[in-house]
Amino acid sequence: MVDEEQRNPDIVALAEPALFDSILQEAWYTKYASNAIVVAYNSDTKAGRRVASADHWYAPLRDKEVTLGRTDPTLDPLGYRTLFLLRLASKFYERPDLTNDILRARQLYPETELLSHFETGGLDAAVVYRNMAVERDYEYIDLPDQIDLSNPKYVDNWYSTVSHSLTENRSVTGGVISYAATICDGHYNERTRSVFETLIQGNYLETFGFRIPSSYPTYKGHVPATLTP
C-alpha cells in the first residue's frame, strides 16, 4: 500500500529488508534487530516432553509419532526459513538425512492455525520465531547460532549455503533474520528522527525475544548525516 501510495507514513519498518531494495526502493534504511528460529514444545503431551528432554532436539522429531507444525514455505518466510534451519542442521550435525527424516506434508499450517493447533495441544512441537515464543510464553529450545539464522557473522560462509526455490524463476537464499526501517522521503524532521532513533536503538526489543547483534544498527544507502553513528 505504501508502494501504491495508498498509505503515506513517516516511518516504515519491515521484517524483510530486501523489500526496501526490490519494492519500496527508498534512498536508505537501517537494520536494527534480528530474530531466531526456535523449536517450541508442548510440555502437556508425552511426545512434547520427549522433545524437551532429548539430548539432541531433532531426534524425537524424526519419529512419526511426534507431531510437528510449520508454515508453508511457498507462502511464508518462516516456512522457507524452517527449511534453511533443517538443511543447516543436517550439515552442522553431519546427519545428511535429517531434513528428509523430519519433513512431512501434513505439518504445514497457515501461521494463525499453527499457533492455534499448538496452543490447544494438537501439536507436540512447532517451529516458530523466538519473539513469537516469548510473547506467547511458549516453552522452547534455543538452537545454535549456526542454524537459527540470528547471527550476521554466519551469513556469507554458512547461512548463504542453503536456498529454496519459490517458483520456477525465483529463489531465496539463507541469511540472517533482520528487521529494517527508514524515514520516508519528505518526512525527515526532528520529531521523526527522535522517534526513529528510539525504535532502532531500543534494547526493549530483547525483552520481547528479539536479538540485537553487536554490529547493529547497520545502515545502507544515503543515510542522513544526523543519523550516521
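Good morning. The model is a predicted one, in which local features need pLDDT of at least 70, side-chain atom pairs count only at pLDDT 80 or more, and totals for chains, interfaces and linings use all residues. Residues are numbered from 1 along each chain as its sequence is written, and side-chain values use heavy atoms, with hydrogens and water left out.

I begin with the overall form. The protein has nine helices and eleven strands; these are DSSP runs numbered from the N terminus, helices being H or I of at least four residues and strands E of at least two. The radius of gyration is 19 Å, close to the 17 Å that the globule rule gives for 229 residues, so the protein is as compact as a globular protein of that length. That radius is taken over C-alpha atoms, and the rule is 2.2 Å times the number of residues to the power 0.38. Along the principal axes, the C-alpha trace spans about 55 × 35 × 35 Å. Buried residues (under 20% relative accessible area, 1.4 Å probe, protein chains only) make up 46% of the 229.

I turn now to the aromatic contacts. Rings of Phe, Tyr and Trp (its six-membered ring) pair if their centres lie within 6.5 Å; planes under 30 degrees apart count as stacked, over 60 as edge-to-face and the rest as tilted. The whole structure holds ten aromatic pairs. In one of them, the ring centres of F118 and Y138 are 4.8 Å apart with planes at 65°, so this pair is edge-to-face. The pair links distant parts of the chain, 20 residues apart: F118 belongs to helix α5 (residues 111–119), and Y138 to the loop between α6 (130–135) and β7 (139–141). Both F118 and Y138 are buried. For Y154 and Y159, the centres are 6.2 Å apart and the planes at 50°, so that pair is tilted. Y154 and Y159 are likewise buried. Ring pairs also join W57, Y58, F92 and Y93 into a cluster.

Which ring does the charged end of K91 sit over? It is the ring of W158, with the charged end 4.9 Å from the ring centre. The criterion is NZ of Lys or CZ of Arg within 6 Å of the ring centre and within 35 degrees of the ring normal.

That concludes the presentation; thank you.

Definitions and conventions: Buried < 20%, exposed > 50% of the residue type's maximum accessible area, 1.4 Å probe, protein only.
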